[in-house]
Amino acid sequence: MWEYTNKVQQHFLHPKNVGEIENPDGIGDVGSLACGDALKLTFKLDEKGVIADAKFKTFGCASAIASSSVLTEMIIGMPLDEAAKVTNEDIANRLGGLPKEKMHCSVMGREALEAAIANYRGLKIPMAEGEVVCECFGVTDLEVIRAIKESSLRSVEEITNFTKAGGGCGKCIDRLREILVATVHQGADIQKVAEKPKRMTTLQKIKKIEEALEREIRPGLRKDGGDIELVDVDGDFVTVSLRGACTSCAKSQTTLKEYVEKKLRELVLDSLIVEESK
Amino acid sequence: MIRPEIVVYMDNNATTKVAPEVLEVMMPYLQDYYGNPSSMHRFGGQVEAAVTEARRKVATLLGADPEEIVFTSCGTESDSTAIFSALQSFPDKRHIVTTRVEHPAVKNLCENLDTLTGHKHRVTRLMVDADGTLDLQKYEEALADDTAIVSVMWANNETGVIFPIAEMARMARARGIPFHTDAVQAVGKIPINLKELDVDFLSLSGHKLHGPKGVGVLYVRRGTPFVPFLVGGHQEKGRRGGTENVASIVGLGRACELAAANMAEENSRVKALRDKLEQGLLSSIPHAILNGHKIDRLPNTSNISFEYVEGEAILLHMDQYNICASSGSACTSGSLEPSHVLRAMGVPFTAAHGSIRYSLSIYNTEEEIDFVLEKMPPIIAGLRQMSPFWKADA
């Protein structure tokens with residue numbers, strides 16, 4: 001049995017934005033019945049180029065459905081240029097993480113989004129241009145290289161978890177290893193990846209959040225007779241518990257979102273979502 | 001914890017509930033009677049007597065002699081023991097005949113034999129038809145002078161399809177080839193009488209017939225060349241080293257006795273429940289397909305594909321109602337490809353990904369069947385509504 005986070009289960013059992021938009025501005029159709037998962041994403045823009053609505057139809061397992069659902073939730077209200085920057089890691093983090101064998105579900109979400117944006121812009125899907133490495137699942141070398149770089153993959157098994165390449169007949173495994181070695185040894189590119197906002201381990205996140213709470217947030221709350229404690233960190237989800245005067249304060253929710261979350265995003269990671277423990 | 005009394009358990013080919021009667025006879029050997037059956041004192045001797053009694057009960061269910069029964073730790077150990085034994089008994093023979101639909105215990109062993117033994121082997125893996133049955137002529141043609149062993153399952157764990165073991169064993173015997181059958185799914189569900197068969201090795205597992213986990217049996221026909229897999233003490237007449245798992249062996253003995261007593265019910269009441277479930281699902285849900293031969297099949301198993309939806313998603317929705325079953329979809333197999341059994345049968349990927357196996361036992365009730373029949377159609381309809389391949393008018 002897979003260990004799915006509560007977020008994954010929520011989105012799987014009660015998916016948001018199921019369906020297909022009529023006359024959409026962009027359509028992204030990825031995966032196939034044979035591969036075991038497929039996603040059709042449609043979106044509509046408003047006059048300012050912001051995604052006004054997005055809907056999905058997914059054939060696949062719980063994590064594929066949850067990834068699709070959370071993706072639509074993320075991109076609605078986003079300017080198209082910003083949506084184009086959404087990565088599979090963003091999707092997985094928003095779900096509080098995915099089992100490593102299921103990371104390809106988040107990759108499928110990102111690919112559908114990319115395909116839909118390319119469709120809107122009248123462009124070809126960039127990743128489809130590459131040479132097909134894995135014939136079972138139709139994965140190109142460009143897709144593999146990007147997954148290696150973006151998610152700092154270090155083994156063929158990880159490549160399979162993220163892209164499904166190599167998960168079928170296994171004939172392409174040697175080729176995948178070659179691509180892995182070549183990509184990792186391209187120092188310059190790897191360096192670039194390392195300079196991007198780094199993926200923090202949960203432990204690093206907890207440390208930084210604790211520091212930020214102690215130095216920046218608590219003093220402010222204490223002035224008003226309140227206090228805050230960190231309960232849990234699960235992916236991007238930070239669960240806190242408000243104490244003292246905060247518990248009876250009508251404005252505590254505003255404090256949480258407008259003050260605590262803003263501060264933590266500024267000081268730790270801009271994707272953090274703060275929730276109150278119940 | 002999910003409490004057992006609220007669960008609708010239809011995953012009996014995965015494992016079964018330990019019968020209360022089985023647990024009852026096991027308890028003394030987990031508590032007071034802890035002696036070693038090999039000991040020379042009466043305290044151990046009485047435990048040995050219990051093991052002997054269990055051996056007799058297992059033999060009775062199979063139509064075998066007690067001395068042909070070797071207790072092991074599981075079905076997988078029994079399978080490995082039989083195949084390695086034959087390969088070592090006939091070192092010049094490097095050919096194995098098996099099928100494409102074996103349980104991983106045999107399938108993966110045969111696929112990795114070269115690495116495991118350091119010898120090159122030829123493995124003939126027989127194809128199955130669309131309904132999961134074998135072509136006996138192809139089987140006969142596959143038997144060769146250098147065939148060391150035939151290993152063919154009695155009944156398939158995923159579809160329940162039963163192979164003609166009596167005939168296949170006879171054909172192997174005619175060529176002087178040892179015949180092994182993994183009967184883990186068959187024992188206790190359909191009558192077996194080894195006295196009338198040319199089977200040389202048979203594997204069974206305790207937890208598939210309401211016995212405990214962690215105990216299995218390898219039947220070794222008297223006179224069959226045998227090389228032990230676990231070498232150690234003189235337990236099991238030197239055929240399997242290691243102190244006996246006494247409580248589980250005693251439990252397995254009782255489970256075999258119960259299985260014999262319940263065999264008629266399994267093939268009448270349980271089969272009727274299975275048929276009701278199957279017909280109900282096939283008639284109330286469009287684009288649902290039965291996998292496997294309709295007749296030559298275990299009385300408790302039904303494997304149905306729901307097209308355009310994926311098995312893991314179905315199972316997790318069923319889980320919301322505490323209905324337990326299995327799927328042949330990729331996402332549940334631990335690999336990225338759907339069940340090797342369904343693929344060997346040529347079930348299209350589109351259907352294999354949405355396959356659900358319901359496997360019943362004597363503990364299932366008609367109310368449970370009605371409950372599942374009520375819950376399944378909306379689950380499938382809900383997922384189809386979300387599927388990009390589903391056309392409502394299709």
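This is a predicted model: local features need pLDDT of at least 70, side-chain atom pairs count only at pLDDT 80 or more; totals for chains, interfaces and linings use all residues.
Local features need pLDDT of at least 70 and side-chain atom pairs count only at pLDDT 80 or more, while totals for chains, interfaces and linings use all residues. Residues are numbered from 1 along each chain as its sequence is written, with chains lettered from A and ligands numbered from 1 in the order in which they are written.

Let's start where the chains meet. Chain A brings 19 residues to the contact and chain B brings 20 residues; two residues are in contact if their C-beta atoms, placed from the backbone, lie within 7 Å. On the side of chain A, two or more residues each come from strand 2 (37–45), strand 3 (51–59) and helix 2 (62–75). Helices (H or I, at least four residues) and strands (E, at least two) are DSSP runs, numbered from the N terminus.

Where they touch, domain 1 gives 22 residues and domain 2 gives 23 residues.

Finally, find the largest nonpolar core, which has 83 residues. Such a core is a set of buried Ala, Val, Leu, Ile, Met, Phe, Trp, Tyr and Cys residues joined through C-beta atoms within 7 Å, where buried means that 20 or more other C-beta atoms lie within 10 Å of a residue's own, placed from the backbone. Among the residues with the most contacts inside this core are Ala62(A) and Ile314(B). Ala62(A) touches residues including Phe12(A) and Leu316(B).

Note on methods. A residue is buried if 20 or more other C-beta atoms lie within 10 Å of its own, exposed if 12 or fewer, and partly exposed in between; C-beta atoms are placed from the backbone. Lists of a residue's contacts leave out its neighbours within four places in sequence.
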